[in-house]
Amino acid sequence: FAPKSFRKWPEWLVANTAIGGLSFLALEAIGGSLTINYGFANSFWAIIVVGVIIFLTSLPVAYYAAEYNIDIDLLTRGAGFGYIGSTITSLIYASFTFIFFALEAAIMAQALELYFHLPLPLGYIVCSLVIIPLVFFGVTLINQLQLWTQPIWLILSILPYVCILYKEPDALSNWVHFAGQVSNSATFDPLLFGAAATVSFSLIAQIGEQVDYLRFLPDKQETNKVRWRLAVILAGPGWIVVGCAKQLGGAFLASLAV
């Protein structure tokens, strides 16, 4: 539970910080993996359909967590699942966090190896330890970090696609006709669509992290009702809109690399 004395930031700043958590590169990696295995048609529709379902299921979770300023396990208890339900939810969320933290460290370590020629095992250690001083100071420091780095991240995220389409206009058409290694075809297959959707569905637990930020929203009042609801939607279920875009971006880059 986030007490009122801790909820001192405006709605836009809390939403900005929550959206900043979506900078993790595992989204691109998942999208790329889906396309390489299942082809464009199956991976594209899997990402879109799963995105819609995640948005709809995340909406009430985000709303009530922000309304009562509680995290995902307290929300589980409040929904009537008791202490055991809360414990299971915490276990799922913790497992999700550790898995994605490990994936992200692995991706970053490979980037350090490619650019700085830093040995991979050393890169794992650096990427795992460098985050500790940042999270030690909690949302206060993360707010400032995201506020100043968000525009840079956004520009650097979009720029590669602009450059690729400028230098290689056929890249988009090649992606649309890309055949997967498992499917051996660019056509739609319901079974392979289901297999791709299963992988993408692993992202549904991300709402737990979004809720960790949304509980710091100020109280909803008549004066801020529109801003409050907009922040809840954008930073809550709205994360999957950015998530789908990043998965599709990763799928595009994977087809280009192949």
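Trainee: How many residues has the largest nonpolar core?

Mentor: This is a predicted model. In the largest nonpolar core, F24, L34, I54, F100, W175, L203 and W239 have the most contacts inside it. The number of residues in this core is 29.

Trainee: Which helix gives the most to this core?

Mentor: At least two residues of the core come from each of helix 2 (26-68), helix 3 (72-116), helix 7 (171-176), helix 8 (190-200) and helix 11 (239-257). One of these helices supplies ten residues, the most given to this core. That is helix 2.

Trainee: How many residues has the other core, which lies apart from it?

Mentor: A18, A62, L75 and L217 are among the residues of this other core. The core lies apart from the one described above, and its residue count is 25.

Trainee: What is L203 in contact with, leaving aside its neighbours within four places in sequence?

Mentor: L203 is one of the residues with the most contacts inside the largest core. With those neighbours left aside, its contacts are L27, I30, I54, F96, F100, W239 and Q247.

Trainee: Which helix supplies the largest share of the nonpolar patch?

Mentor: The surface patch covers about 850 Å² and includes F101, L122 and V135. Helix 4 (120-129) and helix 5 (132-136) each supply at least two of its residues. The largest share, five residues, comes from helix 4.

Technical notes:
Residues are numbered from 1 along each chain as its sequence is written. This is a predicted model: local features need pLDDT of at least 70, side-chain atom pairs count only at pLDDT 80 or more; totals for chains, interfaces and linings use all residues. Side-chain values use heavy atoms; hydrogens and water are left out. A nonpolar core is a set of buried Ala, Val, Leu, Ile, Met, Phe, Trp, Tyr and Cys residues joined through side-chain atoms within 4.5 Å. Buried means under 20% relative accessible area, exposed over 50%, partly exposed in between (1.4 Å probe, protein chains only). Helices (H or I, at least four residues) and strands (E, at least two) are DSSP runs, numbered from the N terminus. Contact means heavy atoms within 4.5 Å. Patches are made of residues with over 30% relative accessible area and no salt bridge: like charges are joined within 9 Å, nonpolar side chains (Val, Leu, Ile, Met, Phe, Trp, Tyr) within 5 Å. Accessible areas come from the Shrake-Rupley method with a 1.4 Å probe; for residues, only the protein chains shown count as cover. A salt bridge is a side-chain nitrogen of Lys or Arg within 4 Å of a carboxyl oxygen of Asp or Glu.
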